[in-house]
Amino acid sequence: MDEDNAELRNPFPSPPSHYAKYTTHNLNLLSLLKERASDDPNANQYEILKDQVDVPDWPLVQLEKPRVDWILEEPDAYYDVFGDRWFVRKTATLSRMASHTKVKEKIPSLAELGGNQLYPADPTIDRRPALRSILRSLLVTYSSLTGSLLSPPPLSPEVPPDWQRHVEWINVLSQNLMAAANDLRPVQARGNLEMMMKRQLDLRREETKKLHEKCDGLSAKLSELRTSVQKMLTEGHINKKSAQETEVSSQPSSSQITEIDVLDWAEQVR
C-alpha cells in the first residue's frame, strides 16, 4: 500500500497496470457485447460472446469510460488523479440541439483552500497594487523578524514570542505571492506560445526569402547560359555557311575554257 501511495505521489508516475487491457481486440469485444446485450447490464459475456475467441476472464465493462454525470451530480464536483484532487466546473454547451455537459478543470483559489487571500479574487481587476503592498509588507515583516530575534524571550510560556507572529505573517504573505503567480501561469503560457509562434513565423519568412533569392539567382544563371548557347549556335551556323561558300568558290567550273583546251583544238585543226 505504501508503494502504491508513493507511486501516486511520484512526479512522473507509471501508467496504471490495467492500461494493457485496452487492446483493439478487447475494445471490439466490448462494442459487440454492448450491441448484443444493450438492455442487460448484468449479462454473461461468455454466453453472449461464445462465438468469439480470446474472451478475457475479467469483465469487459471495465473498459468503459468513467461516468462524468456521476461526478457532476455532487455539489462540489471533483475527481482524484495521481493522489491530487481536482475540482471541476459545469459548463453546458448546445450541440445539434442537445445539451452536453463538459468537465473543465478549476484551480481552487487561496480563499477556497482556506487561506487568507490578500489580493482581489476577480482576475479582471489589476492585482499589481495589491502585490506591491504584499511585497512591502513581506520586507517590513522580515526586518521586524530580524529585530525580534534580539529581544529576550517572554517571561510567561503562554505568551508566544514576537518572532513566531512574524513567521506566521511571512508565511501568509508568501502564500499570497505564490498563489497570485500560479494564477498568472496561463497568461504566461499564452504569452510564451505567442512569442514562439512569432519566432517560427519569422524564421519561415527568412527561409522563404532565402529560397526566393536562390531561385532568382538560378533563373538569372539559366538565362545567361541559354543566351550563351544561342550565341554559340548562331556563330557556328554562320561559320559553317562561310566555309561551304569558300569551298564552292575554290572548285573550277566545268563550263570555263582553259589554255590547254585551246592548244588541243589548234592541233586538231592542223
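Here is a walk through this structure, from its overall layout to a few individual residues.

The model is predicted, so a word on how to read it: local features need pLDDT of at least 70, side-chain atom pairs count only at pLDDT 80 or more, and totals for chains, interfaces and linings use all residues. Residues are numbered from 1 along each chain as its sequence is written, and side-chain values use heavy atoms, with hydrogens and water left out.

Let us begin with the whole protein. Its secondary structure comes to eight helices and three strands, where helices (H or I, at least four residues) and strands (E, at least two) are DSSP runs numbered from the N terminus. Starting at that terminus, the elements follow the order α-α-α-α-β-β-β-α-α-α-α. The accessible surface is about 23100 Å², and carbon and sulfur atoms hold 57% of this area; such areas come from the Shrake-Rupley method with a 1.4 Å probe, and for residues only the protein chains shown count as cover. Of the 270 residues, 13% are buried. Buried means under 20% relative accessible area, exposed over 50%, and partly exposed in between (1.4 Å probe, protein chains only). Among contacts (heavy atoms within 4.5 Å) with a separation of 6 or more, 44% join residues 24 or more positions apart.

Now look for the largest nonpolar core, which has eight residues: L29, L30, L32, L33, L49, W58, L60 and L63. A core of this kind is a set of buried Ala, Val, Leu, Ile, Met, Phe, Trp, Tyr and Cys residues joined through side-chain atoms within 4.5 Å. Not counting residues up to four places away in sequence, W58 touches K21, N26, Q45, Y46 and L63. The charged end of K21 sits over the ring of W58, 4.7 Å from the ring centre; for this, NZ of Lys or CZ of Arg must be within 6 Å of the ring centre and within 35 degrees of the ring normal.

Next comes D54, in the loop between α3 (45-48) and α4. D54 has a phi near 55 degrees, a positive value in a residue other than glycine. Most residues other than glycine have a negative phi. With a relative accessible area of 62%, D54 is exposed. L72, in helix α4 (residues 68-72), is instead buried, at 9% relative accessibility. Its C-alpha lies 8.1 Å from that of V88, although 16 residues separate L72 and V88 along the chain.

Finally, follow helix α6 (residues 162-183). With 22 residues, α6 reaches 32 Å from its first C-alpha to its last, close to the 32 Å expected at 1.5 Å a residue; the expected span is 1.5 Å times one less than the number of residues. The buried residues in α6 are H166, I170, V172, L173, N176, A179 and A180, and what covers them includes α5 (128-148).

Two residues show how these helices meet. T141 lies in α5 and is buried, with a relative accessible area of 7%. Leaving aside neighbours within four places in sequence, T141 is in contact with H166, W169, I170 and L173.
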